[in-house]
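Hello,

Here is the structure I promised to pass on. Please open it first, then read the notes below.

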Amino acid sequence: MSARRLFVAVATAASLLPLGAHAQATRAPVRRPVAKPVAKPVAEPPASPAIMGDDSLTMKFEVSGIPVILRRVTANNVVAANLYLLGGARQLTPATQGIELMLLEASERGTQKYPRDLLRSKMARLGSAIGVSAGADWTSMGLRATTTGFDSTWAIMADRVVAPRIDAPDVEFVREQFVTAVSQRKDSPDALLDFLADSMAFAGHPYALEPTGSEASLKSITAAQLRDYHRTQMVTSRMLLVVVGNVSRSKVEKLVRESIGRLPRGTYAWSLPDPPADLPSGYVVEKRALPTNYLQGYFHGPKATSQDYAALRLACAVLSGRLFGEVRQRRNLSYSVNAPFVERAFSLGGLYVTTTQPDEVLSIMLQQIKALQEGIITEEGLEQLVQQFIVTYFLDNETNADQANMLARAELYQGDFRRASRFVQELRAVTPEEIQRAARTYMRNVRWAYVGDPAKVTGARLLRF
C-alpha cells in the first residue's frame with residue numbers, strides 16, 4: 001500500500017476516535033520523493049513482525065574498517081544489503097550536484113570484471129536487483145537477492161563500487177537520462193513543489209543542494225571528473241553496510257573483506273550536519289495554469305537525538321488528522337491534505353494540500369495549528385493514536401530492505417542501531433503535554449512553496465505561519 005493510500009485509511013479511522021476537544025489523530029506519512037532515474041529493487045515478502053524489534057538477532061561489527069550491522073531474519077529467503085556512502089549533500093557543490101549518483105548509475109553499464117552485457121545477463125539469471133538512491137545525508141546502493149543468489153549478486157554490486165569502467169559513451173548515456181528526468185520535474189506539479197519547498201526550507205544550508213543534480217551540473221560533469229571522484233571518495237571511512245536476511249556473520253565478513261574492504265581507508269568522519277538557520281516565514285510562487293493549486297510548507301524540527309523528535313512526529317500525526325477532518329471530510333476543499341514529518345538528521349514538519357481555494361485552506365491550517373498549541377490531547381486519544389501509528393508505521397517498514405533503512409537511520413542519526421527497536425517505547429513515552437510543547441516550539445516560521453494560480457493565494461496569509 002502506498003503512503004498516500006495508507007494515510008487516507010488511517011485518517012478515516014482516526015476521525016472515529018473519541019479524542020479531546022483539540023485532538024483528532026492520524027499518522028502523518030512522509031511524502032515520497034519524486035521519481036529518480038534509478039533502478040528499482042524487486043519486491044520481497046515481509047519479515048516476521050516478531051523479529052523487527054528483536055535486538056538479540058541484530059549485531060554490529062567491523063570488517064576492514066567498515067562498520068557492518070547484520071540482522072538475521074529467517075522468515076523469508078530474501079537478503080537485503082544496503083551500502084551507505086555517507087555525506088550526502090555535504091559532499092557536493094552547486095557544480096557537482098548529482099556526481100555520486102551519476103557515478104554509481106554509470107557503473108551499471110559495466111565494471112572491470114563484468115562488462116555491460118555480462119553484467120546484465122548475470123543479473124537476469126539471478127533474478128536479483130541492485131538499486132541506487134541519493135539523499136540529503138547519504139547515497140545508498142542496495143541489493144535484493146535470494147539467499148542462494150546473494151554471493152553472486154554481492155560480487156556484482158561490489159565491483160560496481162570498486163572498479164566501474166566509467167567509459168565516456170556510457171557516461172553520456174546516463175547523463176542524457178538524468179537531464180531528461182530533471183527537466184521533466186517542471187512538468188509534474190508535485191515534483192516541482194517538492195523541489196521548491198526543499199530549497200526554501202534550507203536556503204543557505206547544504207540540504208538545499210540537490211543530490212540528484214541540476215540540469216546545469218549534470219550537463220557539465222565529465223567522465224574524468226567521475227573517475228577522479230571515484231578515486232578520492234570511494235573510501236571505507238565513508239561506508240556503512242547493513243544486511244538483513246538469513247545470512248551468517250562469517251559469510252558477510254568474507255564477502256566484505258575480499259571486495260569493498262580492499263578500498264583505501266580515507267579520512268572521512270561521519271558527524272551530524274550543522275543545524276539549518278532559523279529562517280523567518282517566507283514563500284515562493286511558481287505560476288502554472290492547473291486545475292488545482294499545490295501548497296507545501298516546511299518548518300524546522302528538532303535533531304534526531306532530541307526527546308522532542310518523537311513528540312513532534314506525533315504532533316504532526318495529530319495535525320494531519322485534524323486537517324483531514326476539516327479540509328477534506330467536512331468542507332471538501334481537497335482530495336489530498338496532510339502534515340508530513342520528514343526524517344533527517346534535523347527533522348522537518350510540514351503542511352501539504354492541493355486545492356482550488358488555497359486562502360480558505362490556509363486559514364483552516366492556521367486555526368488547527370493554534371488549536372493544537374493551545375489544547376491538549378486526551379490520554380485515551382493519545383493511546384489510540386500511538387497504537388494506530390505503530391501498526392501503520394510497521395506496515396511501511398516490514399520488508400528486509402525497510403528494516404535495513406530503519407537500522408541505518410538509528411545508527412547514523414541517533415548513534416545506536418538499537419534505537420530502531422526502541423521506536424515503540426519512545427512513542428509510548430510521549431505525553432500529551434510534550435505534544436503541545438512540540439507544537440508550540442516548532443510549528444512556526446513556515447517556508448512555503450506554491451505552484452498554481454498566483455491570484456488564488458494571498459502572500460500575507462502565508463507569512464502568518
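Start in helix H10, where Glu326 and Arg330 sit four residues apart, about one turn of the helix. Their side chains form a salt bridge, 3.5 Å from N to O. Glu326 is buried, because its relative accessible area is 17% and the cut-off for buried is under 20%. Keep in mind that this is a predicted model.

The salt bridges of the structure number 27. Some share partners: Lys186, Glu215 and Lys219 are joined that way into one network.

Back to helix H10 for another pair. The side chains of Arg313 and Glu343 meet in a salt bridge at 3.2 Å, N to O. Arg313 belongs to helix H10, and Glu343 to the loop between strand E10 (341-342) and strand E11 (346-355), so this pair ties together parts 30 residues apart in sequence. Arg313 counts as buried, at 6% relative accessibility.

Now compare Arg116 and Asp117. Their side chains also meet in a salt bridge, with 3.7 Å from N to O. Arg116 is partly exposed at 32% relative accessibility. Asp117 is exposed, with a relative accessible area of 57%.

Last, helix H15, residues 432-442. Which of its residues are buried? They are Pro432, Glu434, Ile435, Gln436, Ala438, Ala439 and Tyr442.

Best wishes

Definitions and conventions:
Residues are numbered from 1 along each chain as its sequence is written. This is a predicted model: local features need pLDDT of at least 70, side-chain atom pairs count only at pLDDT 80 or more; totals for chains, interfaces and linings use all residues. Side-chain values use heavy atoms; hydrogens and water are left out. Buried means under 20% relative accessible area, exposed over 50%, partly exposed in between (1.4 Å probe, protein chains only). Helices (H or I, at least four residues) and strands (E, at least two) are DSSP runs, numbered from the N terminus. A salt bridge is a side-chain nitrogen of Lys or Arg within 4 Å of a carboxyl oxygen of Asp or Glu.
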